[in-house]
Amino acid sequence: MLPNRIKILQKLIECGVVAVVRAESAQQAKVIADAVKAGGVTAVEITMTVPGALDVMKELAAYYSPEEMLLGAGTVLDAETARMAILAGAQYVVSPHLNLEVVKLCNRYQVPVMPGAMTIKEVVEAMEAGADVVKIFPGEVLGVGVIKAIKGPLPQAPLMPTGGVSLDNVDQWIQAGCVAVGVGSALTKGAAKGDYAEVTETARAFVEKVKLARSKK
């Protein structure tokens, strides 16, 4: 039987899309999570910038089984927050930067960890520290070309861009070699006007585009 950590990573990569949920309230975050799940995006990252983020995680973890939703914590800046998120039900932890104590804690509890990086040096340091996936952030600043640049000397690097990923370019990120993509406002923008059906449809479109892009690799 595969360790739970490996199963979580496999499911996350299989889906290929991580919904980065930023919201103005806990209730809005929960509705967004439901909406993207309905569209086939099973990996949901609740950022710590959401008011009551830990309570949101607890409610989602109580409602959805780990098989139904891969629940993650995002914008985790320190080990204390990582531990609280794990206790609240987070199955993986995402950071905008490399914090060695966060990586150590996640490795201690065998929870997948995805620290952020911008440079070759930071990607190498993240992998050496024990990162499962390296979050390339901010994607809109670095551009798709950064993946090819990193993959040249580091073909083994498991990369996931966040920021700047859209329906127009998600195929480019996947074909460049990313194991998955993190998508925020391009996926959840319908929530700003209360149109959660749009969020579901956008989620479905992202999943389909990732599948199509992978079939062409």
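This is a predicted model: local features need pLDDT of at least 70, side-chain atom pairs count only at pLDDT 80 or more; totals for chains, interfaces and linings use all residues.
Val93 stands opposite Val113, a residue of strand E5. Strand E4, made of residues 92–94, and E5 run together in the parallel sense, joined over 2 bridges. Both belong to an open sheet of 6 strands, in which the order is E5-E4-E3-E2-E1-E9 and the pairing is parallel. At the edges of this sheet sit E5 (113–114) and E9 (181–183), each of which pairs on one side only.

Helix H1, residues 4–15, lies across strand E1 (17–21), strand E2 (43–47), strand E3 (70–74), E4 and E5. Relative to E3, H1 runs at about 90°.

Stepping back to the whole chain, the protein has 11 helices and 9 strands. Its radius of gyration is 16 Å, close to the 17 Å that the globule rule gives for 217 residues, so the protein is as compact as a globular protein of that length. The C-alpha trace spans about 45 × 40 × 35 Å along the principal axes.

There is also an open sheet of 3 strands, with the order E6-E7-E8 and, again, parallel pairing. Its edge strands are E6 (116–117) and E8 (159–161), and each of these pairs on one side only. Strand E7, residues 134–136, pairs with E6 in the parallel sense over 2 bridges. Within that pairing, Ala117 has Ile136 of E7 as its bridge partner. Helix H6 (residues 120–129) packs on this sheet and touches E6, E7 and E8. The direction of H6 makes about 160° with that of E7.

Next come the packed helices. A pair of this kind is described by the angle between the two axes and the distance between them. For helix H3 (residues 53–63) and H4, the axes come within 8 Å and cross at roughly 30°. Angles under 35 degrees count as roughly parallel, and that makes H3 roughly parallel to H4. On the H3 side, the meeting residues are Leu54, Met57, Lys58 and Ala61, and on the H4 side they are Met84, Ala85 and Ala88. Sorted by class, this contact has 6 nonpolar residues, no polar ones and 1 charged.

H4 (residues 79–88) packs with helix H5 (residues 100–108) as well, at an angle of about 30° and with the axes 8 Å apart. That angle makes H4 roughly parallel to H5. The crossing of H4 and H5 is right-handed. Here Ala79, Ala82, Arg83 and Ile86 of H4 meet Glu101, Val102 and Leu105 of H5. The residues of this contact divide into 5 nonpolar, no polar and 2 charged.

From Phe137 to Pro138 the peptide bond is cis, with omega near 0°. Pro138 is found in the loop between E7 and helix H7 (139–142). The other spot is Thr75, whose phi is near 55°, a positive value in a residue other than glycine. Thr75 lies in the loop between E3 and H4.

Note on methods:
Residues are numbered from 1 along each chain as its sequence is written. Side-chain values use heavy atoms; hydrogens and water are left out. Two strands pair if DSSP finds at least two bridges between them. Helices (H or I, at least four residues) and strands (E, at least two) are DSSP runs, numbered from the N terminus. Contact means heavy atoms within 4.5 Å. Axes are lines fitted to C-alpha atoms, for helices over the stretch in contact, and angles run from 0 to 180 degrees between N-to-C directions. Angles under 35 degrees count as roughly parallel, over 145 as roughly antiparallel, 65 to 115 as roughly perpendicular and the rest as oblique. A crossing is left-handed if the near helix is turned anticlockwise from the far one by less than a right angle, and right-handed if clockwise. Ala, Val, Leu, Ile, Met, Phe, Trp, Tyr, Cys and Pro count as nonpolar, Asp, Glu, Lys and Arg as charged, and the others, Gly among them, as polar. The radius of gyration is taken over C-alpha atoms; the globule rule is 2.2 Å times the number of residues to the power 0.38.
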